[in-house]
Amino acid sequence: MSIWWSLHLRREAASVPLARRLLLGAMETAGVDPDISFDLSVALSEACANAVEHGGSGAPGSSADGYRVTAYLDGEKCRIEVADGGPGFPDCAHVTGTGPAAESGRGLCLIEQLADHVHLRNRPGRGAVVSFDKVLKWRDGALLGAV
């Protein structure tokens with residue numbers, strides 16, 4: 001059995017904890033190990049915060065005024081995608097903010113540390129997508145569990 005959900009959120013700071021709580025609630029209900037749920041919720045928070053900060057033109061009512069979060073829990077893996085309408089990643093897009101003085105890239109670095117696989121993709125003229133996945137561990141008696 002698998003579940004998935006998708007949200008379209010405004011680029012507002014209040015949307016970040018909303019997405020995080022929804023993910024945590026779904027994972028708890030499904031029976032995902034709390035440590036895995038926590039890692040994925042922190043990674044999701046970072047991806048959403050990036051979409052809020054960098055993901056659009058800032059013009060109210062524009063298509064770039066929001067972002068989309070989609071989560072898939074399927075047996076042994078969870079995949080999360082955060083898509084925005086911003087300018088996209090620079091050509092050299094990979095995790096860069098690893099030093100204490102780095103002003104950007106720390107969120108992507110944290111996502112990379114918490115997830116098993118991270119993929120950054122530009123959609124020319126339509127924004128960027130951060131997707132990441134992690135192998136799930138299940139509590140005993142989990143509703144979904146790996147089949």
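Contact here means heavy atoms within 4.5 Å, and helices (H or I, at least four residues) and strands (E, at least two) are DSSP runs numbered from the N terminus. With those terms in hand, the buried residues of helix 3 pack against helix 2, strand 4 and strand 5. This is a predicted model, in which local features need pLDDT of at least 70 and side-chain atom pairs count only at pLDDT 80 or more, while totals for chains, interfaces and linings use all residues. Residues are numbered from 1 along each chain as its sequence is written, and side-chain values use heavy atoms, with hydrogens and water left out.

**Overall layout**

- The protein chain has three helices and five strands, and along the sequence they follow the pattern β-α-α-β-β-α-β-β.
- Of the 147 residues in the protein chain, 44% are buried; buried means under 20% relative accessible area, exposed means over 50%, and partly exposed lies in between (1.4 Å probe, protein chains only).
- Taking contacts between residues at least 6 apart in sequence, 65% join residues at least 24 apart.

**The nonpolar core**

- A nonpolar core is a set of buried Ala, Val, Leu, Ile, Met, Phe, Trp, Tyr and Cys residues joined through side-chain atoms within 4.5 Å.
- The largest one here has 36 residues, and those with the most contacts inside it are Leu 40, Leu 44, Tyr 67, Ile 80, Phe 132 and Leu 136.
- At least two residues of this core come from each of strand 1 (2-10), helix 1 (15-30), helix 2 (34-54), strand 2 (66-74), strand 3 (77-84), helix 3 (106-114) and strand 5 (127-135).
- Helix 2 supplies the largest share of this core, with nine residues.
- Leu 44 is in contact with Ala 19, Arg 20, Leu 23, Val 69, Ile 80, Val 82 and Phe 132, leaving aside neighbours within four places in sequence.
- As general background, nonpolar side chains tend to be buried together in soluble globular proteins.

- Helix 2 has 21 residues and reaches 30 Å from its first C-alpha to its last, close to the 30 Å expected at 1.5 Å a residue; the expected span is 1.5 Å times one less than the number of residues.
- At the start of helix 2, the backbone nitrogen of Asp 35 has a side-chain oxygen of Asp 33 within 3.0 Å.
- The buried residues of helix 2 are Ile 36, Ser 37, Leu 40, Ser 41, Val 42, Ala 43, Leu 44, Ser 45, Ala 47, Cys 48, Ala 51 and Val 52.
- These buried residues pack against helix 1, strand 2, strand 3, helix 3 and strand 5.
- In helix 3, the buried residues include Gly 107, Leu 108, Cys 109, Ile 111 and Leu 114.

**Salt bridges**

- A salt bridge is a side-chain nitrogen of Lys or Arg within 4 Å of a carboxyl oxygen of Asp or Glu, and the whole structure has three of them.
- Asp 39 pairs with Lys 134, with the closest N and O atoms 3.7 Å apart. Asp 39 lies in helix 2 and Lys 134 in strand 5, so this pair ties together parts that are 95 residues apart in sequence.
- Asp 39 is partly exposed at 21% relative accessible area, whereas Lys 134 is buried at 10% relative accessibility.
- Asp 133 and Arg 79 meet in a salt bridge at 2.7 Å, N to O. This pair links distant parts of the chain, with Asp 133 in strand 5 and Arg 79 in strand 3, 54 residues apart.
- Asp 133 is buried at 5% relative accessibility, and Arg 79 is partly exposed at 31%.
- Arg 10 and Glu 12 form a salt bridge at 3.9 Å, N to O; Arg 10 is exposed at 58% relative accessibility, and Glu 12 is partly exposed at 42%.

- Arg 123 sits in strand 4 (residues 117-123).
- Arg 123 is in contact with Arg 68, Ala 83, Asp 84, Ala 128 and Val 129, leaving aside neighbours within four places in sequence.

How values were computed: A polar contact is a pair of N or O atoms within 3.5 Å; within protein, one must be able to donate a hydrogen and the other to accept it, and residues adjacent in sequence count only if both atoms are side-chain atoms.
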